[in-house]
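Thanks for coming, everyone. Let me put the model on the screen, and then we'll walk through two parts of it.

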Amino acid sequence: MKKAFLLSTALLFIACSNTSSNFVHLSMPNFKPQAPTQIQAINSGIKIALEPLILEQNNNYSDNFENSVLKIRIDKENELLKQNLEEQIKTIAKLKGYEIDNANPDYKLKGVIKIFIDEKEIQKTSEWLSGDSIDSKLGLKFEGKIEFIDAHNPQNKTKISSNTKLDSLIDLTYPIKSSDGVGMFKTTLSNVPTQLNKGLERPAFEIDKAYLAFYKNTLNSLHINLPKALDLGKSEPQNAKEYTEFTNESFSEENPTEQRYKKESQTQETSTDNEEDGVIIFE
């Protein structure tokens, strides 16, 4: 009896001691502003209404992925994507010389963002000490459609689109909750979007890059195709200045944590052979 108790205690200690080291911290993608934060107002006299973006998800994945840490992170990225796109769309409208007025507009701007998530080749594996996990491949695609509509003649509209997708499927291996045994303690799932199980760093980087690329493509497409308010039958006021460039300087599709990892790797390459093997990637 005493031996059985000691064995159980030892197994529990081993399982729980690995829990704290089972996670890595990965910051969320940085949706940097794409346009100037200070805008000189242009008195064009043309008003535009900005409707909230509609975000639609088309999901084709397993129930296990629905309850995974990666899905929690994707949900947060969807929230950040929508929020930052709406803020930057407002900025672009001002850059183009429109006055934001949702009550009595001359034009309307509304958009739909579609996100397609596809999980394929799903296989379940089980190990007594490491718990149950899923091996699969993940596909990710984005479609953006924004309409610039004449509020007085709604049939007159300009459609602006943007599309982004992963170049190839992402290989995934993610843990799932075990039904019994030591795996219950070893296999832990976080509810924090910045806290991932080890081994999910690279898939998360690829997903982040896709979100950032779509964010950039959508705003670039809108800035290029949205007509200037001053070109819509109004004369240009004298001595008015307008931002005409929409720059992407310092914008990177890389996650800040990945950039830091690259810098640390470069530093590690120049260090002496007497240092310990390995690089601490995440704090």
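**A pocket and a helix pair**

This is a predicted model. Start with the second largest pocket. Its lining has 11 residues. Lying nearest the centre of the pocket are Lys165, Leu166, Asp167, Glu206 and Lys209.

How much space lies in the second largest pocket? About 160 Å³.

Now, which elements build the lining? Strand 7, residues 157-165, supplies at least two residues, and so does helix 5, residues 201-225. Helix 5 gives the most, with four residues.

The partner here is helix 3, residues 69-95. The axes of helix 3 and helix 5 come within 11 Å. They cross at roughly 20°. Angles under 35 degrees count as roughly parallel, so helix 3 and helix 5 are roughly parallel to each other. Is their crossing left-handed or right-handed? Right-handed.

Look at where these two helices touch. On the helix 3 side, the residues include Leu70, Ile74, Leu81, Leu85, Ile89 and Ile92. On the helix 5 side, they include Ala204, Ile207, Tyr211, Phe214, Leu219 and Leu222. Arg73 and Glu77 in helix 3 are also part of this contact, as is Asp208 in helix 5. By class, the contact has 13 nonpolar, five polar and three charged residues.

So, to recap helix 5: it gives four residues to the pocket lining, and it meets helix 3. Over to you for questions.

Conventions. Residues numbered from 1 in each chain as written. Predicted model: local features only at pLDDT ≥ 70, side-chain atom pairs only at ≥ 80, totals over all residues. Heavy atoms only, no water. 1 Å grid on protein atoms, 1.4 Å probe; cavity = no way out; pocket = protein on both sides within 12 Å on 5 of 7 lines; lining within 4 Å. Points joined across faces, edges and corners; volume = space filled by probe spheres on them. Axes fitted to C-alpha atoms, helices over the stretch in contact; angles between N-to-C directions. Parallel < 35°, antiparallel > 145°, perpendicular 65-115°, else oblique. Left-handed = near helix turned anticlockwise from the far one by under 90°. Contact = heavy atoms within 4.5 Å. Nonpolar A, V, L, I, M, F, W, Y, C, P; charged D, E, K, R; others polar.
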